[in-house]
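Thanks, everyone, for making time this morning.

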Amino acid sequence: MQLHGAHGYLISQFLSPLSNRRTDDWGGDLEDRMRFLVETVRAVRDTVGPHFPLAIKLNSADFQRGGFDEHESMAVVDRLALEDVYLVEVSGGNFGAPAMMGKTVPESTRRREAYFQSYAEEVRRRVPGMPLMLTGGFRTLAAMQSALDDGACDLVGVGRAMCVDPATGVGLLNGTVTGAPVEPKQLGMRRLLGRVINLRSIDGILDLQWHTDQIHRMAAGLPPNLDRTWRQALFSMIRRNGLGALRRRRGF
Ligand SMILES: Cc1cc2nc3c(=O)[nH]c(=O)nc-3n(C[C@H](O)[C@H](O)[C@H](O)COP(=O)(O)O)c2cc1C
């Protein structure tokens, strides 16, 4: 079981000073902002018992000015080390700043693949006993192997590669696959559209939608279509979510 403490969902809304404006015991300084996470972990642990594997997905940062940052995130991992948690999965960003889809991370980091590896390495130094999973940006077996060999993580998470070939994981493990296709999705007409919409956000959502479309194709018995364009992904996004999907959002 994994509690989702990342990507702008409820637990990460509590963690972030941008979204958590509470003035009671559940907001304010980090100790209070992480109370919801800690209490949730305890409540779940009480319910599932001591032997049930319980993991947490945590943002390394929100990637927004004034948001939850790496310094705070590491303090949360310090705190989680005192609780009965099996594993922390490291990710980052949210739908306003989709770092998890590689949209707000520097080009050099994107080239190196693992978007949050430096953070994971720092967590490893700080909390050596905490099992870590690292997700976001992995494309090649070489990058995955080196993250494991460097001790940055104990588990590698793979998202988009699985959406275009569900056998990727097996292929990587038995050596018949050495990498996954990269299909970065990005809107055209950027100067014009950038005036009315949050481009980074839409790029992230489009990337997600393009891959969701591939899952829908496979569910319908069709092969994935790597030639699917961003325009087609945009149309299916609007068809599934309405025009509201393009609207600017507050902070997260
Ligand atoms: C189609 C799709 C659906 C996703 N759904 C979730 C989700 O429900 N929860 C989550 O934490 N991350 C979700 N993600 C994000 C992935 O967990 C991962 O952070 C992201 O794809 C980056 O990893 P990658 O570079 O291996 O794709 C999703 C990604 C894709 C492409």
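A word on conventions: residues are numbered from 1 along each chain as its sequence is written. This is a predicted model, in which local features need pLDDT of at least 70 and side-chain atom pairs count only at pLDDT 80 or more, while totals for chains, interfaces and linings use all residues.

The assignment, and domain bounds here come from an automatic or database domain assignment, gives domain 1 (2–182) and domain 2 (184–252). Their centres, taken over C-alpha atoms, are separated by 23 Å. To their contact, domain 1 contributes 19 residues and domain 2 contributes 17, where contact means C-beta atoms, placed from the backbone, within 7 Å. On the domain 1 side, α8 supplies the largest share, three residues; helices are DSSP runs of H or I of at least four residues, strands are runs of E of at least two, and both are numbered from the N terminus.

A residue is buried if 20 or more other C-beta atoms, placed from the backbone, lie within 10 Å of its own, exposed if 12 or fewer, and partly exposed in between. This core has 48 residues, of which V88, V90, A120, L134 and L206 touch the most other members. Helix α11 (residues 199–219) gives the largest share, five residues, and because both domains give residues to the core, it lies between them. Leaving aside residues up to four places away in sequence, V88 touches I56, L58, V77, L80, M130 and L132.

Which residues are closest to the ligand? They are M100, G136, G159, R160 and H211, within a shell of 18, a residue being counted if its C-beta atom, placed from the backbone, lies within 6 Å of the ligand. The elements giving two or more residues to this shell are α8 (160–164) and α11, and each domain provides at least three.

After α11 comes G221, whose phi is positive, near 85 degrees.

Finally, R65 sits in the loop between β2 (55–59) and α4 (70–80), and R65 is exposed, with 9 other C-beta atoms within 10 Å.

Technical notes: Core = buried A, V, L, I, M, F, W, Y, C linked by C-beta atoms within 7 Å. Contact = placed C-beta atoms within 7 Å.
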